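Open the model in your viewer and keep the selection tool ready. We will go stop by stop.

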Amino acid sequence: MVKVNENYLKLKAGYLFPEISKRVNKYTQANSGLEVIKLGIGDVTEPLPKACIDAMSKAINEMGTNNGFKGYGPEQGYGWLREKISLNDFISRGCQISAEEIFVSDGSKCDSSNILDILGDDNLIAVTDPVYPVYVDSNVMTGRTGETLKNGTYQGLSYLAINEDNNFLPEVPKNKVDIVYLCFPNNPTGATITKKELKKWVDYANENNSLILFDAAYEAFIQDKDIPHSIYEIDGAKNCAIEFRSFSKNAGFTGVRCAYTVVPKNISGQNSNGDKINLWPLWNRRQCTKFNGVSYIVQRGAEAVYSSQGKKEINSLIDFYMENAKIMQNKLRSAGFKVYGGDNAPYVWIKVPANMTSWDFFDYLLEKANVVGTPGSGFGLAGEGYFRLSAFNSRKNVINAMKQIINI
Ligand code: MLT
């Protein structure tokens, strides 16, 4: 009989968001199709920017002509998109990231997991706790952890707690870890990191020859001028960090699919003989073998994000969701909740009432307010006692959800 990858058997439960959907569907079916307001998964709700629609429509029409038809594109993404990304997202912020260092893909979730293909199995890995579950689960699936411990953590992973006491900022470890995942603005807590704090991580990584996997999927939501949008705003980061970026949340591409990963040319690891090995050719090789690129149509849509019309429309989408976050913060605070995040990120992170677990609070909100959120413990042990609400929804739903919570 075929052997299965037993690492999958170590996974604690189903993936968090399908698990939530399952519970919500069960509840609504048992209550005659009751309407609930979903502030759980961070999925956008507003229509695509017109600039992107126009660009994609034009690209579809082009594909229907002999001259404009395109077959396979470059696995790394079209040069014209990579140039625009380099210029607008990096050079304009003083980061010397060239188009060649940018790999266009169909999602940061997959890239943050696929990157493990080019990294050895015996690296010591650190994640924050709570954390975006994909980082942990991908390491479990690829056999980079030991068994599941009773408290739900995995043997072999280093967990860096982030909580109210450290302002949701992970402390640089005292020991050496080889790979560390950082996500800022943070999913799930909505916390941000200053340049000074991020510099500590870059220095740590350079001193210890570690690699930082920096997830900046929510950078577009940053409102404070001093908060870095990219890790490459920090001196030395090009030697130690890979960055993941996405069009999902800024341009509403969760259903369109386009993202990119930055692998600087001079970033290296080593082989078992201790020889220095450049990571860029390995990632390039991986993508050429396992990936056929993002569709031409979608890449034209992503390119339009950088047009002047696109920039305006994206800014108003961000403003819209951040206004939702403000409404949520204000209403929840006035109802007596301790609220974190939501200032530079589309997530608010609230403390659940003392006598409840995060899942108790999930059930309580679902049943009493008909509002769906995400239990903090779904993001890790240290997320217990917290609850995440997403600002991605219509204004009407956000206002009604807050009313329903306050009126419990
Ligand atoms: C979330 O809710 O955490 C996000 O939807 C995750 C993602 O973008 O995959």
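Stop 1: Select C240. C240 counts as buried, because its relative accessibility is 1% and the cut-off for buried is under 20%. Keep in mind that you are looking at a predicted model.

A disulfide is a covalent bond between the sulfur atoms of two cysteines. The structure holds zero disulfides.

**Stop 2: another cysteine.** Now select C288 and C110. The closest cysteine sulfur to that of C288 is in C110, and at 17 Å it is too far for a bond. C288 counts as partly exposed, at 32% relative accessibility.

**Stop 3: the ligand.** Which residues surround the ligand? They are F17, I41, G42, K109, Y132, N187, Y218, K249, Y347 and R388.

Show side chains for three of these residues and check the distances:

- Y132: a side-chain N or O atom is 2.5 Å from an oxygen atom of the ligand.
- K249: a side-chain N or O atom is 2.7 Å from an oxygen atom of the ligand.
- N187: a side-chain N or O atom is 2.8 Å from an oxygen atom of the ligand.

Stop 4: Switch to the cartoon view. Find the open sheet of four strands, ordered 11-12-15-14, with antiparallel pairing. Strand 11 (339-341) and strand 14 (374-375) are at the edges. Each has a single partner strand, so one side of each is left without a neighbour in the sheet.

Next, select residues 347-351, which form strand 12, and residues 386-390, which form strand 15. How many bridges join strand 12 and strand 15? There are five, and the pairing is antiparallel. For one of the bridges, click K351: its partner in strand 15 is Y386.

**Stop 5: the helix across the sheet.** Select residues 308-334. This is helix 9, and it lies across strand 11, strand 12 and strand 15. Helix 9 runs at about 15° to strand 12.

**Stop 6: a link across the sequence.** Finish at M141, in helix 5 (residues 133-141). M141 counts as partly exposed, with 27% relative accessibility.

What does M141 touch, leaving aside its neighbours within four places in sequence? It is in contact with N5, N7, Y8 and L11. Select N5 as well. N5 and M141 are 136 residues apart in sequence, yet their C-alpha atoms are 7.8 Å apart in space.

Methods: Residues numbered from 1 in each chain as written. Predicted model: local features only at pLDDT ≥ 70, side-chain atom pairs only at ≥ 80, totals over all residues. Heavy atoms only, no water. Pairing = 2+ DSSP bridges. Helix = DSSP H or I, 4+ residues; strand = E, 2+ residues; numbered from the N terminus. Contact = heavy atoms within 4.5 Å. Axes fitted to C-alpha atoms, helices over the stretch in contact; angles between N-to-C directions. Buried < 20%, exposed > 50% of the residue type's maximum accessible area, 1.4 Å probe, protein only. Disulfide = S-S within 2.5 Å. Near = heavy atom within 4 Å. Polar contact = N/O pair within 3.5 Å; in protein donor to acceptor, adjacent residues only side chain to side chain.
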